[in-house]
Structures are given as structure tokens and as C-alpha cells.
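I opened this model to look up its confidence, its fold and a few single residues. The entries are in the order in which I made them.

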Amino acid sequence: MAFPPSVVQEAWRRSGGRCECRRTAHNHPYVRCNKELVWENRGATGQRGCWEAHHVTAGGPDIASNCEILCCDCHAGTATYGRP
Ligand SMILES: [Zn+2]
Ligand SMILES: [Zn+2]
């Protein structure tokens, strides 16, 4: 399961290039993370602005509404905390 590039681009435009995470268990409780991301650093680790395209619903469709732009930290956190 992977998002087509066009879907990731659509989700990226929607996000404004910032992390869309709203998980309350993270270090940004009750507000959007909003960390500034760098398009070229998708999938990188430990780099400034690194991010990943995350399925809102695991196993769900590869469409923009199911694609969440998350910074590295938040993406790593989804494995620990699961979805809200
Ligand atoms: Zn984040
Ligand atoms: Zn988060």
C-alpha cells in the first residue's frame, strides 16, 4: 500500500507543508503539530523537515482524504500510540 505521487502532492498542498498531526498523546496536545516540513526530505530520518505520508485509516484507500502528512517525530509516534 503506497500513495500515488499525485495523491501525496495533493495532501502536501492541503497541509501547507506542515505536519497535520493532532494526536493528543504527542508533545503538541490539543493543537496541530504544524511543524514545518521540507518536501525533499520525505522518508528521511533525523533531518530537518523530514516527514512521511501516513494512512489515516490503515488498509484504507490511497486517496488524499486518507493521507496525512506527518513529521518524522509524529510518524514515529503513530507506531507507539496508534490512531486516536
Ligand atoms: Zn508532527
Ligand atoms: Zn504528533
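The entries below go from the whole chain down to single residues.

**Entry 1: conventions.** I am reading a predicted model, in which local features need pLDDT of at least 70 and side-chain atom pairs count only at pLDDT 80 or more, while totals for chains, interfaces and linings use all residues. Residues are numbered from 1 along each chain as its sequence is written, and chains are lettered from A and ligands numbered from 1 in the order in which they are written.

**Entry 2: confidence.** I looked up pLDDT, the predictor's confidence in each residue, from 0 to 100. The protein chain averages 92, and 92% of the residues score at least 70. By element, confidence is highest in helix H1 (residues 5-15), with a mean of 98, and lowest in helix H2 (residues 72-81), with a mean of 80. Over residues 80-84 the pLDDT stays under 50. For that stretch the model has 5 contacts beyond four places in sequence; two residues are in contact if their C-beta atoms, placed from the backbone, lie within 7 Å. Where pLDDT is low, the predicted coordinates should not be read in detail.

**Entry 3: elements.** I took helices (H or I, at least four residues) and strands (E, at least two) as DSSP runs, numbered from the N terminus. The protein chain has 2 helices and 2 strands, in the order α-β-β-α from the N terminus on.

**Entry 4: overall dimensions.** I checked the radius of gyration, taken over C-alpha atoms, against the globule rule of 2.2 Å times the number of residues to the power 0.38. The protein chain has 12 Å, which agrees with the value near 12 Å for a compact globule of 84 residues. Along the principal axes, the C-alpha atoms fill a box of roughly 30 × 25 × 20 Å. Of the contacts between residues at least 6 apart in sequence, 49% join residues at least 24 apart.

**Entry 5: burial.** I call a residue buried if 20 or more other C-beta atoms, placed from the backbone, lie within 10 Å of its own, exposed if 12 or fewer do, and partly exposed in between. Buried residues make up 24% of the 84 residues.

**Entry 6: the strands.** Strand E1 (residues 51-55) and E2 pair in the antiparallel sense over 5 bridges; a pair needs at least two bridges found by DSSP. In strand E2 (residues 67-71), 5 of 5 residues are buried. Which way do the residues of E2 point? Cys-67, Ile-69 and Cys-71 point one way and Glu-68 and Leu-70 the other way. In a regular strand the side chains alternate between the two faces of the sheet.

**Entry 7: His-54.** I found His-54 in strand E1, where its bridge partner in E2 is Glu-68. His-54 counts as partly exposed because it has 19 C-beta neighbours inside 10 Å. Leaving aside neighbours within four places in sequence, His-54 is in contact with Glu-68, Leu-70, His-75 and Thr-78. The C-alpha atoms of His-54 and Leu-37 are separated by 14 Å, at 17 residues apart along the chain.

**Entry 8: the core.** I looked for nonpolar cores, each a set of buried Ala, Val, Leu, Ile, Met, Phe, Trp, Tyr and Cys residues joined through C-beta atoms within 7 Å. The largest has 14 residues, and Cys-19, Trp-51, Ile-69, Leu-70, Cys-71 and Cys-74 have the most contacts inside it. H1, E1, E2 and H2 each give two or more residues to this core, and E2 gives the most, with 4 residues. Not counting residues up to four places away in sequence, Cys-71 touches Cys-19, Cys-33, Lys-35, Leu-37, Cys-50 and Trp-51.

**Entry 9: positive phi.** Most residues other than glycine have a negative phi. I noted Tyr-30, with a positive phi of about 70°, in the loop between H1 and E1. Is Tyr-30 buried or exposed? Tyr-30 is exposed, because 6 other C-beta atoms lie within 10 Å. Asn-34 has a positive phi of about 65° and is found in the loop between H1 and E1. With 15 C-beta neighbours inside 10 Å, Asn-34 counts as partly exposed.

**Entry 10: two further residues.** Thr-57 is found in the loop between E1 and E2 and is exposed, with 10 other C-beta atoms within 10 Å. Ala-2 sits in the segment before H1; the C-alpha atoms of Ala-2 and Ile-63, 61 residues apart along the chain, are separated by 10.0 Å.
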